[in-house]
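Colleague: I would like to learn how to read salt bridges in a model. Can you take me through some cases?

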Amino acid sequence: MSRIAFVNGTYQVQRRAAVGIEDRGYQLADGIYEVAPVMDGRIIDFAAHLDRMAYSLRELRIQPPMPRSALEFVCRETLARNRVRDGVVYIQATRGEAPRDHGFPKVPVKPAVVVSAKHLSWPSNAEDKGIEVITTPDIRWGRCDIKSIGLLPNALAKQKAREAGAFEAWFVRGDGTVSEGASTNAWIVDGEGRLITRPLGPEILPGITRATVLAMARAAGFQVIERPFSVEELLGAREAFLTSTTSLVRSVVAVDQRPIGNRYPGSVGRTLRQLCIDHYRGRVDA
Ligand code: PDD
């Protein structure tokens, strides 16, 4: 079955769909995106993803490509046309197509929008062998809170991780603190069992999974402290884990080949992973 994507107003066979070569997303990475999880045909935390998308657009002064309710409809329709009941829905919006010029188009152009769907199999239980991460200097721009399609430093970091046999790269800022991963938020558990993750700000993406896990962890009685943590603290942590739409919660068992804890997924990570799976399945409110 051919994949179908919504491209600037019509549903098209994905491999034949095209956007103009002067689309500002293609030329200048002048655009934003969202990735939302889909389980049993439901789009999880959809409102939060659409709120973050609206924020990204507002911060870049890109007009919403369509009203929110229409976009919701298009996302559901794209999932249905691709028969995706478990997976992700991807939304991308750019400032649109205009003769190449760094400044915004003088004559307003229509923002471009693409929606696609992809099948994924979600985990059914907290089973997780744990993953390894590497650290890499955070060479990104100063507005990582915007979910921009300008992902070159993230792509290079992820590739570096893969070449090192690791799952993810965590960015380290000039002051020695960890900001986040190439496509994940970063957490540790200290010796007292407290969860530590960086507070929201321009250095990190406000992860939807981060917010969900934070709320569920607090509701489950864990103490969560939102503050930056250093690589040194990370290496001495009892546990470390990452969160994202597609990873949910995954335990980090080694950093730069140095073990975290006893090199096995810890109980906090496993508990939160299960809560996250239950939330996706609609059994637990965040
Ligand atoms: N990545 N930090 C970065 C830099 C990210 O790109 C992502 C998400 C996250 C986690 O956010 P969320 O919990 O909302 O998925 C944190 C997506 C999934 C991606 O690029 O595919």
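Modeller: Start with E192, which is exposed, with a relative accessible area of 60%. Buried means under 20% relative accessible area, exposed over 50%, and partly exposed in between (1.4 Å probe, protein chains only). This is a predicted model: local features need pLDDT of at least 70, side-chain atom pairs count only at pLDDT 80 or more, and totals for chains, interfaces and linings use all residues. Residues are numbered from 1 along each chain as its sequence is written, and side-chain values use heavy atoms, leaving out hydrogens and water.

Colleague: Which residue meets E192 in a salt bridge?

Modeller: Side chains of opposite charge can pair when their charged atoms come close. A salt bridge is a side-chain nitrogen of Lys or Arg within 4 Å of a carboxyl oxygen of Asp or Glu. Here the partner of E192 is R194, at 3.0 Å, N to O. R194 is partly exposed, at 26%. Shared partners also join R24, D30 and R95 into one network of salt bridges.

Colleague: How many salt bridges does a search of the whole structure find?

Modeller: The search finds 21. One of them pairs D51 with R68, at 2.7 Å, N to O. This pair links distant parts of the chain: D51 sits in helix α2 (residues 46–60), R68 in helix α3 (residues 68–81), 17 residues apart. Helices (H or I, at least four residues) and strands (E, at least two) are DSSP runs, numbered from the N terminus.

Colleague: Is D128 buried or exposed?

Modeller: D128 is buried, at 11% relative accessibility. Its salt-bridge partner is R250, with the closest N and O atoms 3.3 Å apart. R250 lies in strand β14 (residues 248–255) and D128 in the loop between β6 (112–119) and β7 (131–137), so the pair ties together parts 122 residues apart in sequence.
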